[in-house]
Amino acid sequence: MVAAFFLLLLQYHVAYLRNLAPWKVTAGHEADYLAEVRDVELHTLPKTKIGMTGGGMVAYFIDNRTIVNLDGLINSPEYFNAMKSGKATEFLDAIPLNYVYGKPYVLLESDPYDEIFANRLEEIGFIRGYENFTLFRYRINQ
């Protein structure tokens with residue numbers, strides 16, 4: 001029974017991976033792989049900075065924009081230390097950050113992002129992609 005359950009889980013996992021990153025793209029669907037990235041580009045200005053809790057495919061393939069990893073240590077020691085000392089908002093203001101792209105619940109209701117982004121995010125819209133993220137404009141409060 002355990003082996004059957006394991007095989008079922010393995011089958012679902014393989015199906016998920018095949019859907020996420022197919023070995024071969026069918027004719028006429030070549031642009032679908034980068035559709036989310038192109039949508040983010042369409043709704044953001046060139047040479048701007050976009051904060052994401054996990055950059056993934058967007059970070060690899062986006063053109064003429066900088067992805068700022070909001071996870072902490074992966075970004076820079078300065079950002080990590082700013083997060084630990086409660087000064088992440090000031091750090092992001094100083095960069096300056098222009099947009100934030102992620103799941104609304106994570107950004108607006110979970111630690112530490114709920115405090116970092118309190119009264120800072122203005123929703124631009126939902127972008128259909130693998131994660132179904134929402135794009136926000138980051139407001140620097142003066």
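**Close-up views of a predicted model**

At 45% relative accessibility, Asn-64 counts as partly exposed. This and the other values below come from a predicted model.

**View 1. Asn-64, a residue with positive phi.** Asn-64 sits in the loop between α3 and β2 (66-69). Its phi is positive, at about 60 degrees, although Asn-64 is not a glycine.

**View 2. Asn-119, in the loop between α7 and β4 (121-126).** Here, too, is a residue other than glycine with a positive phi, and for Asn-119 the value is near 60 degrees. Is Asn-119 buried or exposed? Asn-119 counts as exposed because its relative accessibility is 65%, and the cut-off for exposed is over 50%.

**View 3. The cis peptide bond from Ile-95 to Pro-96.** Omega for this bond is near -10 degrees. Pro-96 belongs to the loop between α5 (88-94) and β3 (99-102). As background, most peptide bonds are trans.

**View 4. The cis peptide bond from Asp-111 to Pro-112.** In this view, omega is near -5 degrees. To find Pro-112, look in the loop between α6 (104-109) and α7 (113-116).

View 5. Thr-53 is found in the loop linking β1 (49-52) and α3 (56-61). With a relative accessibility of 18%, Thr-53 counts as buried, since buried means under 20%. Which residues does Thr-53 contact, leaving aside its neighbours within four places in sequence? They are Asn-69, Leu-70, Asp-71, Tyr-101, Val-106, Leu-107 and Tyr-113.

Notes. Residues are numbered from 1 along each chain as its sequence is written. This is a predicted model: local features need pLDDT of at least 70, side-chain atom pairs count only at pLDDT 80 or more; totals for chains, interfaces and linings use all residues. Side-chain values use heavy atoms; hydrogens and water are left out. Helices (H or I, at least four residues) and strands (E, at least two) are DSSP runs, numbered from the N terminus. Buried means under 20% relative accessible area, exposed over 50%, partly exposed in between (1.4 Å probe, protein chains only). Contact means heavy atoms within 4.5 Å.
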